[in-house]
Amino acid sequence: MSQTYYVTTPIYYVNDVPHIGHAYTTVACDVAARYHRLAGKDVMFLTGTDEHGMKIERAATANGQTPIELASRVVKRFQELWQVMDISHDDFIRTTEDRHKAGVHKLFCQLKDQGDIYLGEYEGWYCTPCESFWTETQVGESCLCPDCGRPVEKLKEQSYFFRMSKYAQPLLEHIRQHPEFIQPESRRNEIVRFVESGLRDLSISRTTFDWGIKVPDDSDHVLYVWFDALSNYMTAIGYGTDEEKFQRYWPASVHVVGKDILRFHTVYWPTFLMAAGIELPRQVFAHGWWTVEGKKMSKSLMNAVDPATLVEQFGVDAIRYFLMREVPFGLDGDFSMQALVGRINSDLANDLGNLLNRISGMIFRYFDGTIPPAPASSTQREAQLISATAERISGYRSDMEHMAFNRALMKVWELISSYNKYIVETEPWTLHKAGKTEELQTVLATVAEGMRIIANATWPFMPGSSERILQALGCELEGNLEFDYSASSRTMQQMPVLFSRVEDIPVIAEEGEGEEESTPRIDFDTFLQVSIKAGRIVGCQKVPKSSKLLKLEVDLGEGRLRTIVSGIAQSYSPEDLLDKNVSVIANLKPAKLMGIESEGMILAAKTAKNRFEVPFLSEQVKPGTDIR
Ligand code: ME8
């Protein structure tokens, strides 16, 4: 094998529940990997998990686990999902593996030895209770910690810095000389403007938490999570451990990432590499952002459209097809059941399904299941169809090379409709009635060969279904997209029903809004991530200008009071709640309601619109007691 193709997904934060945004990146890379493999390239497809950082450390402590215990449990979820989604990755890297640490150390030491990493002082806004530094933008004008809402102070700590400023010009030069480096183009301009405004040296170590890769010979410092995480693309293929493998695959052909992390991949990462004298990846492709029925993916929506549940409901290939067909790769998209069902019914059950049924039905009916031999001579109609097929396939190839997945699929669907049209126009049933066997043979041999090409072209997107189609045609997957009547004279098998129409469009219900049966299930690990504690309400007042909100001061036995904003004002007056013991979700991320930072949530039964009943705990339950 001569050419290599190395495609990577970002490595997923292990503190996240996998959702369709994650599935999107991974399916796109899988489609690219399968396409290039089928075209005969030596493909390396990498995915994995990003497991270090303060958030994991905190979540683990809250669960009474070690960070690695927590990470190892959560990693399984990603790995299981990739199996369910037919992802064909060649490797899965965890940033907690030794091979990764070895490579990160190698990169750090080289940059430090040559003077591109130096020890300096990092100044930032510091939250003492949270032991975290925040940037100016994160603390905002009110100078409050974005995690706990308490005031922050300006502090300095020692930190290792990477001389990123030195590489601004070389990076701009590279971007100019390699227009393919940042895709799509609109994103490139955004990055160019950012780099042109100047780059500052980057702080790449922290001393305020422990869960990370230690700086070599200075174990007070833990490496900044992006320096650690980005290196995965090299450490997975042997950087620092297996030079031969590294040489085989590096530079990566493409890193596929969401647009939110493009800057890390096209500014930080390439400057690290330039400094180390390592070639840059050929391309970083930023895809768009998915919303669900017009809304940002909240936790409750994420669960409602859990990819594994969608696969169970509609089949893996329908979901893969939808994600790749619905939105041009690079633009934002909206997931809705209506759009999904629309695609399943019209593109899969109707267009593709009809072609399959027709061809299989007629070959069994008229030729006992044997695909007729290649015609001795064909008419102009076939010649035109064959040349249109070649044209579409050449467009498909170019789209696939450029990651224009939706356009590639559109070309395949144009083929499907031209073969459907060919059947309608040639009326094989009339040819049969009229005893025109030779013409009938030509039509069916032509459609069978077209179908073989279509199934090879859909394989990267819908591997399972495409293989079943090829099997029914008596063929094997071989990636040949040239029209050559190679399917003729084979014995067909009955075509399985691959895509059925969906009659009822399911409703996406956010948690708490749906029927009990439709509430998505969570596993025990997910449940354990929720910290519910007993809290005593020691202060309560109405939120000015709000009819629904109360501002509560709640004692959770932490030696300080938490402010919690609760939407129960239409059911309780402040006096009803004073000195009452309630259940509190204690590890919710703080959220601002009417300008007030709320640090948790009171559990209450929703009895009607805006009506709630709070289950009170007895006086004996001490603030801070765990509720399970
Ligand atoms: O960013 N729509 O991990 P992550 C589309 N660990 N894509 C989405 C999405 C959405 N709604 N939500 C997330 C990280 N993604 C880092 C990466 S790489 C060295 C380190 C995409 O789990 C997101 O854009 O938060 C990113 O590409 C990927 O999912 C992982 O996100």
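**A buried arginine, then the ligand site**

Analyst: Arginine 452 is buried, with a relative accessible area of 0%. This is a predicted model. Arginine 452 belongs to helix H19, which spans residues 437-458. Its side chain reaches the backbone oxygen of glutamate 482, at 3.1 Å. Beyond its neighbours within four places in sequence, arginine 452 is in contact with Leu470, Leu473, Cys475, Glu478, Asn480, Glu482, Asp484, Ser486 and Ala487.

Now the ligand. The shell around the ligand holds 25 residues. Those that come nearest are Ile11, Asp50, Gly258, Asp260 and Trp290. By class, the shell has 13 nonpolar, nine polar and three charged residues.

A polar side-chain atom of aspartate 50 lies 2.7 Å from a nitrogen atom of the ligand. Tryptophan 290 uses its backbone instead: an N or O atom there is 2.8 Å from a ligand nitrogen. Taken alone, the ligand exposes 660 Å², and the protein buries 96% of that. Several elements give two or more residues to the shell: strand S2 (12-13), helix H1 (20-38), helix H8 (225-230), helix H9 (232-235) and strand S13 (254-258).

Helix H9 leads on to glycine 238. Glycine 238 is found in the loop between H9 and helix H10 (243-249). Is glycine 238 buried or exposed? It counts as buried, because its relative accessibility is 4% and the cut-off for buried is under 20%. Setting aside neighbours within four places in sequence, glycine 238 is in contact with Glu243 and Phe246. Alanine 102 is 136 residues away from glycine 238 in sequence, yet their C-alpha atoms are 9.6 Å apart in space.

Last, the nonpolar packing. In soluble globular proteins, nonpolar side chains tend to be buried together. Here the largest nonpolar core has 109 residues. Phe314, Met324, Phe335, Phe405 and Phe461 touch the most other members. Helix H15 (residues 337-367) supplies the largest share of this core, 14 residues. Take methionine 324. Leaving aside its neighbours within four places in sequence, methionine 324 is in contact with Tyr24, Val27, Ala28, Val31, Phe405, Asn406, Leu409 and Phe461. Another core lies apart from the largest one. It has 60 residues, among them Tyr160, Leu262, Ala275 and Ala286.

Note on methods: Residues numbered from 1 in each chain as written. Predicted model: local features only at pLDDT ≥ 70, side-chain atom pairs only at ≥ 80, totals over all residues. Heavy atoms only, no water. Near = heavy atom within 4 Å. Polar contact = N/O pair within 3.5 Å; in protein donor to acceptor, adjacent residues only side chain to side chain. Areas by Shrake-Rupley, 256 points an atom, 1.4 Å probe, with all protein chains shown as cover. Helix = DSSP H or I, 4+ residues; strand = E, 2+ residues; numbered from the N terminus. Nonpolar A, V, L, I, M, F, W, Y, C, P; charged D, E, K, R; others polar. Core = buried A, V, L, I, M, F, W, Y, C linked by side-chain atoms within 4.5 Å. Buried < 20%, exposed > 50% of the residue type's maximum accessible area, 1.4 Å probe, protein only. Contact = heavy atoms within 4.5 Å.
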